[in-house]
Amino acid sequence: MSILHDDIVIITPSKKEGEEATIVTVNCPDKTGLGSDLCRIILFFGLTILRGDVSTDGKWCYIVFWVVGKEKTRWSLLKKRLIAACPSFSSAYAFSFYSTHLPSPKPPDLFLLKFCCKDRKGLLHDVTEVLCELELTIQKVKVSTTPDGRVLDLFFITDPRELLHTEKRRDDIVNKLTPILENVFNTIDIELVDPSIFEKVFNTNDTEPVDSETTDFSQASPPLPNVITYVFDLQSGTSTSDSVSIVMDNKLSPAHTLVQIMCHDHKGLLYDIMRTLKEYNIQISYGRFSKKSRGKCEIDLFIRQVDGKKIVDPSKQESLSSRLKIELLCPLKVAVVSRGPDTELLVSNPVELSGRGRPLVFHDITLALKMLGLCIFAAEVGRHVIGEREWEVYRILLDEVEGLPFPRNKIEKGVWEILMGWQ
């Protein structure tokens, strides 16, 4: 099959008057989890998927998304990122569609971005927004505020472009951050760090020395305190079980199981579905997604197991159906708890099997708090094992020194709605 490299991904603005949707077409060799990877990139760029069609013959796939972007959407950069996620043409025959033994990517280099400046409302969000615009991936964050009103921020970041070792890339980051930080007391430092430093900063108590025993940064952090895991077990967002309907049918197709999903739309909906199917080694042969009125969505998926067979085992059907319902009802967990006399915001999302967290979560948390007019006294992002799954947990200590305590249910609702794309 002969196809130009630029034709792997084609982005076409709508030609119909009154339509805002841009059509993104992907035509490339297939691989396990390709739909999840593409939806993750689309989510990272802040696009809304209105419709979607997916089809594959087992080696080659054809995917079409109708998306709505923003004024500052960088379409050319989106195209590059989507192309990079697609397998090469030679790989179409190098491995089977149902292969589970794919090469593991090389872990990215880890860098520490460090700065100290005068604190202000919305500072952390403004910094996070710049880092997201520069396509830097925030692995972990440690933020602390001194009594004299200064903030010390430590961002552990990776660069998908793999250019952070160059002076030009670092200068670009510094130039973009300098106006945001305003009065800078210390220089902005960016340095390559040993992976063990990643664990030193986040997996030790405040009283422990920095040079304590460390472990590899790819490993999950120790479990959270029982009181916090208990809160997350209880918290389930604002949706109800009636808002998600999942039906499986093996009669309509001789070779596939049909999964019909009806649910309320939210930010990253297709990503959550594709990510879950990827975790279960489920292959999509054909799928269609469409948004209806009042925020309702309908998804039809013709799927197979990794062995190419339908899902006929009732226990496997129930397991997949239950997991999909959980992920669609509550893709993230939000709770506000007491931390002594202070208020702590907790947000958690599951980590992909590839080790990647959900895109833009920290960006949306800081945006919500900025909109609520709340200051962040301290913040940490870490990986923890909760209920036999690895989770990315954001712990935000709120500064409530100005005035009366802020209503906790208002904080939860404000953060939840931004994360779900409902505001």
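A residue is called buried when its relative accessible area is under 20%, exposed when that area is over 50%, and partly exposed in between (1.4 Å probe, protein chains only). Helices (H or I, at least four residues) and strands (E, at least two) are DSSP runs, numbered from the N terminus. With these terms, strand β16 can be described: 8 of its 11 residues are buried, so this strand is largely enclosed by the rest of the structure.

The structure is a predicted model, in which local features need pLDDT of at least 70, side-chain atom pairs count only at pLDDT 80 or more, and totals for chains, interfaces and linings use all residues. Residues are numbered from 1 along each chain as its sequence is written, and side-chain values use heavy atoms, with hydrogens and water left out. The pLDDT is the predictor's confidence in each residue, from 0 to 100. Its mean over the chain is 82, and 80% of the residues reach 70 or more. Over residues 90-102 the pLDDT is below 50, and this stretch has 23 contacts in the model beyond near neighbours in sequence; a contact means heavy atoms within 4.5 Å. Residues 202-220 also have pLDDT under 50, and for them the model has 26 contacts beyond four places in sequence.

Strand β16 belongs to an open sheet of 8 strands, arranged in the order β8-β5-β7-β6-β15-β16-β14-β13 with antiparallel pairing. Two strands are said to pair if DSSP finds at least two bridges between them. At the edges stand β8 (189-192) and β13 (333-339); each has a single partner strand, so one side of each is left without a neighbour in the sheet. On average, neighbouring strands of this sheet are turned by 25° against each other, direction ignored. Such angles are taken between axes, which are lines fitted to C-alpha atoms (for helices over the stretch in contact); angles run from 0 to 180 degrees between N-to-C directions.

The pairings around β16 can be followed in turn. Strands β15 and β16 run antiparallel and are joined by 11 bridges, and Val-385 has Glu-390 in β16 as its bridge partner. The hairpin of β15 and β16 has 2 residues between the strands, and in this hairpin Gly-387 takes a positive phi near 60°. Strands β14 and β16 pair in the antiparallel sense over 8 bridges, with Leu-346 opposite Arg-395 in β16. Strand β15 (residues 375-386) also pairs with β6 (residues 137-145), in the antiparallel sense over 3 bridges; Val-143 has Ala-379 in β15 as its bridge partner.

Helix α9 lies across β6, β7 (150-158), β14, β15 and β16 (389-399), and runs at about 25° to β16. This helix has 12 residues and reaches 17 Å from its first C-alpha to its last, close to the 16 Å expected at 1.5 Å a residue; the expected span is 1.5 Å times one less than the number of residues. Helix α9 is mostly covered, with 9 of its 12 residues buried, among them Phe-362, Ile-365 and Leu-369. Gly-373 follows α9 and has a positive phi, near 80°.

Charged side chains form further links. A salt bridge is a side-chain nitrogen of Lys or Arg within 4 Å of a carboxyl oxygen of Asp or Glu, and the whole structure has 28 salt bridges. Asp-37 forms one with Arg-356, the closest N and O atoms being 2.9 Å apart. Asp-37 lies in helix α1 (residues 34-44) and Arg-356 in the loop between β14 (342-350) and α9 (361-372), so the pair ties together parts that are 319 residues apart in sequence. Asp-37 counts as buried, at 9% relative accessibility, whereas Arg-356 counts as partly exposed, at 32%.

Asp-272 and Arg-358 form another salt bridge, with the closest N and O atoms 2.6 Å apart. This pair links helix α7 (residues 269-279), which holds Asp-272, to the loop between β14 and α9, which holds Arg-358. Both Asp-272 and Arg-358 are buried. Through shared partners, salt bridges join Asp-272, Arg-275, Glu-279, Arg-323, Glu-327, Arg-358 and Arg-389 into one network.

Glu-129 counts as partly exposed, at 27% relative accessibility. Leaving aside neighbours within four places in sequence, Glu-129 is in contact with Lys-72 and His-363. Lys-72 is exposed, with a relative accessible area of 55%, and its side chain meets that of Glu-133 in a salt bridge (3.3 Å, N to O).
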